[in-house]
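Please read them alongside the coordinates.

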Amino acid sequence: MGEIDIANLEEGALEEAAELASSAFIPTPLVKAMMNGDGEKQRKGLQKGMKRLLGDATGNVLVARQKTRLVGVMRMVTWPDCQKAAMPLFVVPFAFLAMGRAAINVYKFRKTWGMYDPKQPHWHLDPLCVLPDLQGQGIGSALLMRFCKLVDEQKMDAYLETEQPGNVRLYERFGFKVKETQPVLGVPNWFMWRGAR
């Protein structure tokens with residue numbers, strides 16, 4: 001694998017980052033359940049949502065590149081701004097017009113995740129994703145190292161959610177511990193905490 005460069009998301013790369021995130025997440029069980037499938041229509045809908053999330057000014061987005069190819073994306077945000085990513089109930093009818101039943105699932109998913117979000121200062125990692133064909137090659141670890149370095153420099157706690165068992169082991173290697181588990185849309189989810197160092 002080539003050298004990985006990590007930098008802030010450039011203004012003109014938001015669409016590319018959202019496309020990467022949608023490609024990484026569309027095959028996962030939770031996103032399939034949320035989007036009512038994993039076809040191109042669902043991926044495009046997810047890409048719109050990811051563009052909104054990654055473009056939100058409250059978050060700091062880092063990208064990983066190999067040469068010029070975007071290979072990973074990570075968004076981190078401090079509490080309480082991490083709560084703002086949830087879809088407010090009044091938005092659901094408008095989202096329903098654009099997304100159909102998936103809008104209700106997105107609302108349920110974000111509401112459940114919001115219930116577990118710690119109510120104390122922390123850095124929140126949401127999302128971290130790598131191109132599907134490059135997963136398991138150290139790109140996610142490189143992004144996580146950068147995240148943990150920032151968190152440790154600020155002596156802050158950190159928090160994340162995942163619905164992929166393999167990711168639980170990855171996050172545990174970086175000092176996260178499972179705080180709670182809860183099914184979301186019928187899919188097991190792990191809520192993980194890393195104390196300040």
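1. Does Glu-10 count as buried, partly exposed or exposed, and what is its relative accessibility? This is a predicted model, and in it Glu-10 is partly exposed at 36% relative accessibility.

2. Glu-10 forms a salt bridge with Arg-65, with 3.2 Å between the closest N and O atoms. Glu-10 sits in the loop between strand E1 (5-8) and helix H1 (14-25), while Arg-65 belongs to strand E2 (residues 60-66), so the pair ties together parts 55 residues apart in sequence. Arg-65 counts as buried, at 15% relative accessibility. A network of salt bridges links Glu-10, Glu-16 and Arg-65.

3. Glu-15 pairs with Lys-51 in a salt bridge whose closest N and O atoms are 2.9 Å apart. This pair also links distant parts of the chain, 36 residues apart: Glu-15 is in helix H1 and Lys-51 in helix H3 (residues 40-55). Glu-15 is partly exposed at 37% relative accessible area, and Lys-51 is partly exposed at 36%.

4. Within helix H3, Arg-43 and Glu-40 are 3 residues apart, which means about one helical turn separates them. They form a salt bridge, the closest N and O atoms lying 2.9 Å apart. Arg-43 is buried at 10% relative accessibility, whereas Glu-40 is partly exposed at 47%.

5. The salt bridges in the structure number 9; the pairs above are among them.

6. The disulfide count is 0. As for cysteines, Cys-129 is buried with a relative accessible area of 4%, and Cys-148 is buried with 5%.

Conventions
Residues are numbered from 1 along each chain as its sequence is written. This is a predicted model: local features need pLDDT of at least 70, side-chain atom pairs count only at pLDDT 80 or more; totals for chains, interfaces and linings use all residues. Side-chain values use heavy atoms; hydrogens and water are left out. A disulfide is a pair of cysteine sulfur atoms within 2.5 Å. Buried means under 20% relative accessible area, exposed over 50%, partly exposed in between (1.4 Å probe, protein chains only). A salt bridge is a side-chain nitrogen of Lys or Arg within 4 Å of a carboxyl oxygen of Asp or Glu. Helices (H or I, at least four residues) and strands (E, at least two) are DSSP runs, numbered from the N terminus.
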